[in-house]
Amino acid sequence: MMKFRLLKCFLATMLIGIASVVSAETMWLSSLDLREMTTGWGVAKADREIVGGPLSIHGKKFDHGVGTHATSKFRVALNGNATRFTAEVGVDDSAGGQGSVEFIVMGDGKTLWASGVLRGGEAAKPVDVNLAGIQTLVLRVTDGGDGESNDHADWANAKIEMKEDAPVALPPYEVFKLKTRSFVVTFQVGDDGRLYQLPIGANDPTAKLSRDDEFYPQAGDGYVWEPALQVIHADGNTSTALLYDGLTRTKESAGMELTRVRLHDPAYPFEVTLCFRTHDAEDVIEEWTEIRHQESGPVTLKRMASTSLLLTTNVYLTHFFGDWAKEMINPITEPITPGTKVLDSKLGVRADQFQNPSFILSLNGKAAETNGEVLAGSLAWSGSFQCEFDDNGQGIRALCGVNPFASAYHLKPKQTFVTPMMIWTWSTQGLGDMSRKLHDWARDFGMRDGHQTRTVLLNNWEATGFEFDFNRIVSLFDPAKEMGVELFLLDDGWFGNKYPRVSDNAGLGDWQPNRQRFPNGLAPLAAEAVKRGLRFGIWMEPEMVNPNSELFHEHPDWVIRQPKRELELQRNQLVLDLTRPAVQDFEWKTIQSILSVPGITYAKWDCNRYLTQPGSPYLAPDRQSDLWIDYVQALYALMDKTAKTFPNTELMLCSGGGGRADYGALKYFQEFWPSDNTDPTIRVLMQWDYSYFFPVMAMASHVTHWGNRPMHFACSVAMSARFGMDLDLTKLPPRDKAICAGAINAYKRIRDVTTLGDLYRLEDPHEGFRGALDFVLPDRSRAVTFVFQLKEGQNMPVFPRGLDPGRRYTIHELNPDPGRAAMPEEGKTFTGEELMRTGIMPSCSQAVEACVVELDSTSGASSENK
Ligand code: GLA
């Protein structure tokens, strides 16, 4: 027997809110919160028709029910606790016999009942629908196909029977958000069950979303712009349709949450999970996609973006084009205009030679250092990538992922394909704040040992090239130690016997120490360094082979090559095919044997060519295109194993310069080599641009003779990142030697500030005659300001930022150039507020001069200026 406890239930709902718990109940629909019901005209009414009169259909009056107007939608949460929905529906008599509508009852995305078109003056039609197990009920009224006029629609006598709990009115669309401290991405599930995203920058939450706003759009089922996903199903169908299933949120640690959004194709056992890890304080979202299926055979993934974020129009893009020795010195800022802008690379084993996989989007005008809404994007992938900015005139979609160029991937049933991770960082306060937040994230998640300072390194490459032996290398140790160097890196040229590595023409692949140069192997050499208190590091290029090597002669089929084509060499070398298990094994054993030498605690992992003939003799003919992805994944497995097996060995990531300056590989490394170009006038620009995305502690910066710049300038620039030297210290003139020793000393004094402090970019070297930076410790007790003068220009103050306005800082120039007058304010003390307002006059005023100023509030400085 049906129990009507409607009034009690209504009161209970009013009193304890939408989460009321009542035992077996029947509730009038009109007792729910009708503000959530959408209407095409007017406001939905409880127990009245839409205009306000009594509910009446074909002369029959109803005390209860809901008066609405087409087109109307009402979502109700039942949570599986309802049993039945009953009503009598029709066009209200207030429409004067006009109007035509259709009533539809939906449960969990499926139509449970539809009235067919009902017209004004027709009798009410009874509804009786079983709701067992339904989570979400949707009541819809359409316009009957002829427009909305006079469509006064009544859900008369409408009631929901419950086993337990109460039904709850929901917002008309399922909406969920990803939120960090100042960034929000809003998603909405459409009437069609697809997932939509409110474009970033479009702040109207009621904006009507169209098919163009679908999130992670799929090719072949109605979407006509650049898709995020393009699949050939096992049966050859080239279309995919993804419907929203639900989401889970997992709090991973304080301020860090993982949201997994499940989508599926109703016609295929094919699932996509969109994954977002939010970092609250850093305003960072890590985003990736997981794809899985259980079709009858492999499906081909032709496009599988890591992200497909939507933005409004009026967006500027900043990206970085370059080449070998010119990485990141050429920032290009341009408005995104209708059409498609593509940034990509097709190099296979590295992301970059010409285009870094990082960029900046700026809303409402060009990005500025201290204000404006900016979004940094960085794809964590060390292979061919593609970032596309697809502007259809209404909005801009930023798609980023593995490059669909030639990389069709064959995914077997039950395997999960995980796309590379996209890293987004948001700021409403310009590029400086954006970078500091991304650096904070990187120290924790993007690199190894992000909270440790680095040792001063000396590399022999520029000093010796390939010409050295045991004694020559040992002869470099004492001067290095005397000068304060802490770590020695032995570069290329130490291996190969039948094909000795005495030039770049031979030996790669034969990783045994050269017996003539090192008769007893590397251990005695490392021991000589360690004996002097120096750490010892080694260069390796495990993925490569020279045709002039024992390895190649034994295994010519181990290299990446195309059948019927003559082998194309770059730097006289070929890439080993890491998709082949025997090669994976060989490379791992090589790395193990090198890094297990006692005394080795540092390694430079190089990769001096990219793919030009992407064929794998190991992969089957119909799986050749998998090479592009399988290679990078096998490489990451190797890097991961290396980092885990040798946790105390520091690793530098190098790829013919900055070819692997990306967060895909960096997480296994402590630093990367930004460029073979170490001319400090160029490094000022490069390091500035890299710093948008990477903390300077990750950027190796060595003093060399490139560009023949004054030693003081070269040292000052190198000190502003991860400091090292690549010089023959035995051959330095005494003045330069003293400058280098002074720089090493100064670096040791401030490395905690440059490594762990916050970076403020003060003066853009691309724009004026000089560049300036400062670093401030998180507790703001100490700071260091760098000024790099590139061209002649007026001597003028530099204005530090980020200082504690109330603290007093003493000014001290570190390692001043012996040829120049001291800074006017040397040794004086000012408050942070004064320094930031009136600036500091640096000692440099001529081209290729630099000035490094320490601002110290901990030295017990008196409050009086002397
Ligand atoms: C690459 C690196 C250099 C050096 C050489 C050795 O070019 O970028 O720093 O290690 O290889 O061959």
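The largest share of the lining of the largest pocket comes from strand β18, which supplies four residues. The model described here is a predicted one, and the points below are grouped by topic.

**The largest pocket**
- The volume of the largest pocket is about 630 Å³, and 23 residues line it, with Asp108, Gly109, Val189, Gly193 and Tyr244 lying nearest its centre.
- Two or more residues of this lining are given by each of the elements β6 (72-77), β11 (136-142) and β18 (243-253).
- By residue class, the lining of the largest pocket holds nine charged, seven polar and seven nonpolar residues.

**The nonpolar cores**
- The largest nonpolar core contains 187 residues, and those with the most contacts inside it are Tyr216, Leu361, Leu490 and Trp494.
- Helix α8, which spans residues 627-645, gives the most to this core, contributing ten residues.
- Another core lies apart from the largest one and has 36 residues, among them Leu34, Phe74, Phe85 and Ile134.

**Gly507**
- Gly507 sits in the loop between β34 (487-490) and α5 (523-531), and it counts as buried because its relative accessibility is 0%, where the cut-off for buried is under 20%.
- Beyond residues up to four places away in sequence, Gly507 touches Phe495, Tyr499, Asn546, Asn548 and Ser549.
- Gly507 and His705 are 198 residues apart along the chain, and their C-alpha atoms are separated by 28 Å.

Terms used
Residues numbered from 1 in each chain as written. Predicted model: local features only at pLDDT ≥ 70, side-chain atom pairs only at ≥ 80, totals over all residues. Heavy atoms only, no water. 1 Å grid on protein atoms, 1.4 Å probe; cavity = no way out; pocket = protein on both sides within 12 Å on 5 of 7 lines; lining within 4 Å. Points joined across faces, edges and corners; volume = space filled by probe spheres on them. Nonpolar A, V, L, I, M, F, W, Y, C, P; charged D, E, K, R; others polar. Buried < 20%, exposed > 50% of the residue type's maximum accessible area, 1.4 Å probe, protein only. Contact = heavy atoms within 4.5 Å. Core = buried A, V, L, I, M, F, W, Y, C linked by side-chain atoms within 4.5 Å.
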